[in-house]
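Please open the structure in your viewer and keep the selection tool at hand.

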Amino acid sequence: MSRRLLLARLFPPLRWWHLVDRSSLPRDLVAGAIGALIVLPQGIAFATLAGVAPEYGLYAAMVPTVVAALFGSSLHTVSGPTNAVSIMTFAALASLAVPGSPEYLRLAFTLAFLMGSFMLLLGLLRLGTLVNFISQPVIVGFMAGAGLLIVVSQLPALLGLPAEPGGGIAGALAQVAAQAAQIEPGALTVAAVTVAAGLGCRRWRPRWPHIVVAMLAGTAAAAAFDALARVSDGDSGLRYLDAIPRGLPPLSWPLHDLASLGELFGLAVALSIVALTQSVSIARAVALRSGQRIDGNQEFIGQGLSNIAAGFFSGLPVSASVNRSGPNFEAGAVTPLAAVFSALVLAAIVVAFAPAVRWLPQPAIAAVLLLAAISLIDVRRIRQTMAASRSEGGVLLLTLAATLVLRLDVAVLSGVAASLVFYLNRTSRPVMRSQVPDVRDPARTFVPLDKDRQECPQLKMLTIEGSIYFGAVDHVATHLDILREISPDQKHLLLLARNMNFVDVAGASLLAQEAARRRAGGGRLYLHGLRQNAESLMRRAGLLEAIGEENLFPTKDQAIAAIYERLDRQVCARCSARIFYECQAAAQAVRDEREREERDERDERGEASPNGG
């Protein structure tokens, strides 16, 4: 069995090959053909977005897609060029080389290789949980920022204006404003038709590939404009893509310059984490619909090998594509062979019909990217986050703003750092509430202390909701000090520790110190419901002796019964709270004793009892 598991881990198709049969192959082939038609305009658009020639976006949807399908764990996820990873690639490399230049291409291949190597390492070390450290507000903010970057970067093509690289988002907006008088009506019309067709298809025909429909509509609108211009002996002003060469992806060598490895490493790490988060999220989302179980570490390995393949086969950095994975499942794909067929069909199209790309108008490509950008800006989730939590809303806005003005790796790390700061701030202040038994409840359940309830004058009962670790020690210690100052007569303290999630050495030392202070004041520290891991840590550290194992109680009834025996009876006699069963039992015993004494006195005097006996 172990040998089978090892072989399946080394070559994941062994896990699903039994699903391949005469009925699955035609379904996978149809889904693959649909996927190839979808990725054709997407690959061209995302290559433009990444700052390279259109063919490199198509190359990224060939070999990398096959590798990701064969070495991932998902049956339906399709990898390749994506809008988010493309814009990250452009933002990472635009300041290092001229987009589209040979040096820029080499850096793109190197970036893909470094990303793949880092992803593969995480998968082999089984560190798939690292993506959990990127919170949802960070991802939502980053994606919204990336969407806005796409919109701004495509404004020149949408308006028929010449694009000038550099200047950032503010410079791009300034350039568009300065050239407003040169806007081409034809380009704007083609872009509008493309966007309208895509949105309309998404609204009324959601099962259709809206990107393909939008591209066809934009191309038809451009052809109509050109025809009208020829009739009037004018120029439509539309720009078209250059023809791409026929052929399969050429080999590339991503390790040409060792100096660039160090320069790109930080960027590769940040981009890898974002791409992996996106890939695993997409795989899990599709798996919820298919009922499949996803292995996060295997997805890391698949994405890592896919990006390494992109580096050696002239591809851009890649990740799982939501625009292709969902339609792949809906088209009836059964196995990852659908993604393999998609790459093969795309390769055949490029070999046979590559020159036809020159008929695609640039405004339509820009409009397709605009549609992709719109899908990245999740307005509903942004509103939801802003309404639910001010701190998480702040993280979202910070990440969004950082994405617009900083390098993308710095933006992501800024969001992660802000999330961790807010998390540590929350966990460093565990909720501490005074508790009392509810005398109106026969079960005497413990409830928070309020103005309508009394507490024992000798015993403070306190619940801690959270963890007592090094970051929370000061807050907890301050609260305990205040309790001793404002309630000096409550010498005994019972900590209700069932909601105390975690205790480290610093927290255990604090409890031991509090036990010593309580003992010095004539009282004790008691713990109810202490978790096993905390008790074991305190015992190993030798700190449990300071509290005393006799002061640990598994149930509240046992704790109250034992503590009651140590209370000052004179104080109990003056207390009217009677919040414990033991208090009422003792009070009843006192009343019975008094009645017995009075009865004995009457008997001695020969008097009749008040009841007439």
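Begin by selecting Arg 126, which is found in the loop between helix 7 (102–124) and helix 8 (136–159). Please note that the model is a predicted one. Most residues other than glycine have a negative phi. Arg 126, although not a glycine, has a positive phi of about 60°. Is Arg 126 buried, partly exposed or exposed? Its relative accessibility is 44%, so Arg 126 counts as partly exposed, since that class lies between 20% and 50%.

Select Ser 314 next. This residue is placed in the loop between helix 13 (296–312) and strand 2 (319–320). Ser 314 also is not a glycine and has a positive phi of about 60°. Ser 314 has a relative accessible area of 3% and is therefore buried, as the limit for that class is under 20%.

Now move to Pro 254, in the loop between helix 11 (210–231) and helix 12 (258–290). With a relative accessible area of 0%, Pro 254 is buried. Which residues does Pro 254 touch, if those up to four places away in sequence are not counted? They are Phe 109, Thr 110, Phe 113, Gly 311 and Phe 312. Display the C-alpha atoms of Pro 254 and Phe 312: the two residues are 58 residues apart along the chain, yet these atoms are separated by 6.5 Å.

Return to Leu 346 and show its surroundings. Leaving aside neighbours within four places in sequence, Leu 346 is in contact with Ala 36, Val 39, Leu 40, Leu 58, Ala 61 and Met 62.

Where is Leu 10 placed? Leu 10 belongs to helix 1, which covers residues 2–10. The relative accessibility of Leu 10 is 57%, so this residue counts as exposed, the cut-off being over 50%.

Methods:
Residues are numbered from 1 along each chain as its sequence is written. This is a predicted model: local features need pLDDT of at least 70, side-chain atom pairs count only at pLDDT 80 or more; totals for chains, interfaces and linings use all residues. Side-chain values use heavy atoms; hydrogens and water are left out. Helices (H or I, at least four residues) and strands (E, at least two) are DSSP runs, numbered from the N terminus. Buried means under 20% relative accessible area, exposed over 50%, partly exposed in between (1.4 Å probe, protein chains only). Contact means heavy atoms within 4.5 Å.
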